[in-house]
Structures are given as structure tokens and as C-alpha cells.
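Thank you all for coming.

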Amino acid sequence: MHFDLLEPLGAHAPLPVIARRPAQLVGNTPLLWIDAPFAPAGRGFYAKLEGTNPGGIKDRPALHMVREARRRGDLTPGAPIVESSSGTLGLGLALAGLTYGHPVTVVTDPGMEPSMVRLLTALGTHVDQVAAPHPEGGWQQARRERVAELLARTPDAYCPDQYHNPDNVAAYRPLAAELIAQLGRVDVLVAAVGTGGHSAGTASVLRESFPGLQLIGVDSVGSAIFGQPAGPRLMRGLGSSIHPSNVDYDAFADVHWVAPAEAVWACRQLARRHYASGGWSVGAVALVAGWAARTYPPGTRIAAIFPDGPYRYLETVYNDVWCREHGLLDQAPPAEPDEIAAPDGCVVTGWTRCSQVRDPLGRDRANATAGVR
């Protein structure tokens, strides 16, 4: 990179917005071109840096779900909000609670980073940690059952239920509109899949303008979303041990599963080469978006959604001691993913791709989400 050939930084930069409320800082996130080492010269992808929102990508659905619940009367003024989260939605709900005047309880598990617990507490959120995973549904199911207990104790409390709430999907219309305004055209969208909200919501709006859009889903090994058996997952923020009804299975061209060591490598390469990185989802998405940039024809316009930034991962992804203890260092990923013919054909343990995507529960998505808020 020859920075001496560039104009002075900020020479023509627009003046930053002046916000009177923190919620006004959500959205209008920048794009960054990413190439080496993920793609050769002339190839690459555009990373949508959602970590520049105050709390990350889930500021968008948290504000939208709470606003819509208030509009419908499902959430009464001043009533408490209770929800399960591994972290990023918790930050969004802290912002929504502050914005609309609701106390917030986030139910999580011991996997939440201590720094995140401290930050949520500082933001006025009550953090409730479950002690043991559910024998079948893992930590997520244990958290959801704890949410149900808390709701039963507080009749006026409201749970957004991010896994099954269509407002979660609808919240990403502005993100798609931003991509259109920034890029003019999007041919391929690469997105991590957890609750299914931002992949379904962004892709559906982009397809209104670009019917041929290809959506590539990025999942974690050990995740049950696309038909693999649920197992222990080191990575947080993508993957699930349950089957969220917000996942739009018919929308995906293919799905890639990524392992923790591969995501760590990608995160650290992003930081070193591009000064922009994030957590597990960001690393996994970058790895797969780089594959798309190498694989699709030249000129294909690829957008990849980076959901958060690096700071909550300083003691995990970016901590050499922690990564070495978990066997995650010095493991560059293969140049290409393994391929399987069916999503449940075998148990995947590393970067793997499947072009057959289906709902493992055989649900019709329209019926699965009908009446769910």
C-alpha cells in the first residue's frame, strides 16, 4: 500500500454527525475494502463495519424490536425487558432500555466475557447467569428457560425473543438500503448466522433490487442451525444449539462452517493488514468472503457483514496465552473448504461448505414465524 499517493486523510471527509441521543448514532456504518491475504490483487470484498455502531450490529434489532413492541402495546411504559444474549444483543438492549425508559435484564452463561459482564452492568443492565447447560439444548436452551422463569415472576415483563421475532428480521432494512447507497449493486452477500435476523433481513431487501443476489451463510462447527448435531462451541455470536425460525433457509446459496482456529487466524490477519477486525463472527465471515472473492468471476461485487469490533475479545481471540491453551495458534486455514453433499452428511470439524441448504426441522418459514413477535 502506497499511502504517499493518497490525499491527506480527512481532506474531503464529511463532518461527523452531532447526536443528541445515543440511539441516533446507530446506522450509516462505513464500508472497508478487504483484499490480501484473503484474496489476490484486484480481488476482494467490501466489509460493512457494524462494529462502529455504539454496541455493534444488534443495536439495530434491539431498538426496532423494543420500538415495535411499544407501538403494539406488548411492552408497556417502564415495564422490564428480559432476554437471552451472549453479549451483543445485550448491548443493544441496554441502549434501547436507556432510549425508551425500560430496565433490562440479560440472561447469559459463564461463557460471556468478564469484560462484557462489567460493561453491561456499567450500562445499567442486570446480568443473570445460568449455572449449567441444558442437557439437549445447551447453554442457549438453559438461558431461554431462565428467561421464562423470570417472565413468569413479572407479569408485565417483555421478552423480545430474538430467535423467533420477525421484527428482528425487519430491523435490517436500513442496513440493506445503506449497502445499496454505498455500492450501487450487490451480487453476493456473506453473513454469519445465529438468530437468522441480519442474513434474512438484509438479503430479502437486497433482492428487491437485485433478484439474482447470492447469499452465503457462515456458521460455526458444533452448531445445529443447518443440520449438524449440536455440540460444544467455543465461538460466540454465530451458530446455535436451537433452530431459530428467523433463519430463511430458502434464501441461501450455500453454507460454510468455520472452526475456531480458522476464525482466530482471520481475525488477526484483519487486524494486522487492515486495522479493522472483530470477534468470531468477523473472522469466520472474512474467511468465507475471501473464498467468494477468489471463486466468483472478476467484477463480482461482494459485501460481507462484520457484526462487531475486537474489544470484547482481547482476552480470547487476541490473547496468545488463551489461544495457545485452546490450541488455536499457528493454524492457517486451508486454501479451500472441504465439500459435503448434504448438511447432515458427516460431522464437520473444520472449514466446510455445502450447497444444499434446508431447514433440518422441515418447517415452512411463513408458518414458523406466523403470529410470533
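When I say contact, I mean heavy atoms within 4.5 Å. What you see is a predicted model, in which local features need pLDDT of at least 70 and side-chain atom pairs count only at pLDDT 80 or more, while totals for chains, interfaces and linings use all residues. Residues are numbered from 1 along each chain as its sequence is written, and side-chain values use heavy atoms, with hydrogens and water left out.

On confidence, pLDDT is the predictor's confidence in each residue, from 0 to 100; the protein chain has a mean of 93, with 94% of its residues at 70 or more. Residues 1-5, however, stay under 50, and the model gives them one contact beyond four places in sequence. Where pLDDT is low, the predicted coordinates should not be read in detail.

Let me turn to S241, which sits in the loop between β7 (214-220) and β8 (252-258), strands being DSSP runs of E of at least two residues and helices runs of H or I of at least four, numbered from the N terminus. Leaving aside residues up to four places away in sequence, S241 touches G137, G138, Q140, A224, A230 and R233. S241 has a relative accessible area of 13% and is therefore buried, a word that means under 20%, as against over 50% for exposed and in between for partly exposed (1.4 Å probe, protein chains only).

Y158 belongs to the loop between α4 (138-153) and α5 (166-170), and counts as buried because its relative accessibility is 7%. Its C-alpha atom is separated by 4.9 Å from that of I81, 77 residues apart along the chain.
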